[in-house]
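Keep the model open as you read.

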Amino acid sequence: MSTLLVDAGNARLKWLLADAGMLGDMQSMLWPENDIATALDEAWQGLPTPGKIVISSVAGDPYDQALSTAAERLNWPQPDFIASKANGYGIRNAYLDVSRMGSDRWAAMVGARAMQSGALCIVDCGTALTIDVLSEDGQHMGGLIAPGLAMMRHSLKTGTSGIELDTNSEVSLLARDTGSAVFGGTLYALIALVDRVRLDVSATMGARIQCILTGGDAD
């Protein structure tokens with residue numbers, strides 16, 4: 001029996017079916033501004049009944065309730081929501097209050113450790129950009145959170161006057177129009193953050209760190 005794996009992010013909902021260790025194609029949708037129930041019914045109606053539903057959610061209680069209600073309407077099993085742990089899957093969490101760590105970051109660390117040994121820098125490029133560092137023996141060293149690409153660009157557009165953003169703008173080292181300058185500047189800001197954190201942590205730990213990128217803006 002298959003398992004429905006769901007990632008409920010701040011901006012998008014992603015899901016896929018897993019069966020016997022094989023992952024199906026991922027599908028996604030933007031969270032609607034209203035009538036979440038109808039959007040979920042339309043998105044999930046054609047899926048086969050899963051034997052289990054596992055959800056990582058940072059979307060908030062109204063969205064979590066909508067996901068549970070959608071499963072109930074489809075006569076599916078009630079979802080299991082991932083919660084960050086102090087210790088598990090070979091990882092020791094550095095958070096003083098693990099309930100305050102988003103389940104997406106915990107799931108990303110668990111998945112990264114399952115894929116790769118050694119010291120790791122896990123970078124999740126979504127609405128927010130998060131960085132978490134794991135030592136070779138699985139100790140979580142802590143992390144950082146910064147605005148993601150879309151949030152940075154939106155803040156510049158709304159917080160200043162005269163900036164028009166074209167999604168087709170090209171990113172180059174130096175731009176010759178304002179829109180491209182915003183696209184390039186925000187991208188380089190996040191690249192510089194990731195590079196600097198990796199370099200500083202590598203020097204502090206005295207170990208080479210493998211960087212793993214995930215999230216909607218990873219490409």
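Which residue in β11 is the bridge partner of valine 133? It is glycine 142. This is a predicted model, in which local features need pLDDT of at least 70, side-chain atom pairs count only at pLDDT 80 or more, and totals for chains, interfaces and linings use all residues. Residues are numbered from 1 along each chain as its sequence is written, and side-chain values use heavy atoms, with hydrogens and water left out.

Start with the strands around that pair. Helices (H or I, at least four residues) and strands (E, at least two) are DSSP runs, numbered from the N terminus. Strand β10 covers residues 128-134 and β11 covers residues 140-147. The two run antiparallel and are joined by 7 bridges. Strands count as paired if DSSP finds at least two bridges between them. β10 and β11 form a hairpin, with 5 residues between them. In the turn, glycine 138 has a positive phi of about 95 degrees.

Now widen the view to the sheet. Its 4 strands lie in the order β11-β10-β9-β12. The sheet is open, and its pairing is mixed. β11 and β12 (210-214) are the edge strands, each pairing on one side only. From one strand to the next, the twist averages 15 degrees. Helix α5 (residues 178-205) packs on this sheet. The helix touches β9 (120-125), β10, β11 and β12. Contact here means heavy atoms within 4.5 Å. The direction of α5 makes about 15 degrees with that of β10. Axes are lines fitted to C-alpha atoms, for helices over the stretch in contact, and angles run from 0 to 180 degrees between N-to-C directions. In a regular strand, side chains alternate between the two faces of the sheet.

Side chains of opposite charge can pair when their charged atoms come close. A salt bridge is a side-chain nitrogen of Lys or Arg within 4 Å of a carboxyl oxygen of Asp or Glu. By this rule there are 6 salt bridges. One of them joins arginine 105 to aspartate 132, with the closest N and O atoms 2.7 Å apart. Arginine 105 sits in helix α3 (residues 103-115) and aspartate 132 in strand β10, 27 residues apart. Are these two residues buried or exposed? Arginine 105 counts as buried because its relative accessibility is 5%. Aspartate 132 is buried too, at 2%. The cut-offs are under 20% relative accessible area for buried, over 50% for exposed, and partly exposed in between (1.4 Å probe, protein chains only).

Stay with α3 for a moment. Its buried residues include Ser103, Trp106, Met109 and Arg113. The 13 residues of α3 should span 18 Å at 1.5 Å a residue, and the end C-alpha atoms are 18 Å apart, which agrees. The expected span is 1.5 Å times one less than the number of residues.

Aspartate 137 meets arginine 92 at 3.3 Å, N to O. Aspartate 137 lies in the loop between β10 and β11, and arginine 92 in strand β8 (residues 91-92), 45 residues apart. Arginine 92 is partly exposed, at 31%. Aspartate 41 meets arginine 73 at 2.9 Å, N to O. This pair connects helix α1 with helix α2 across 32 residues. Aspartate 41 is partly exposed at 24%. Arginine 73 is also partly exposed, at 38%.

Next, the nonpolar interior. A nonpolar core is a set of buried Ala, Val, Leu, Ile, Met, Phe, Trp, Tyr and Cys residues joined through side-chain atoms within 4.5 Å. The largest core has 20 residues, and those with the most contacts inside it are Leu13, Leu40 and Trp44. The elements giving two or more residues to this core are β1 (3-8), β2, α1 (36-44), β5 (52-57) and α2. A second, separate core of 14 residues includes Ala119, Leu190, Val197 and Ile209.

Finish at two loops. Alanine 20 has a positive phi of about 55 degrees although it is not a glycine. Alanine 20 lies between β2 (12-19) and β3 (22-23), and counts as exposed at 77% relative accessibility. Asparagine 75 also has a positive phi, near 60 degrees. Its loop runs between α2 (61-73) and β6 (80-81). With a relative accessible area of 67%, asparagine 75 is exposed.
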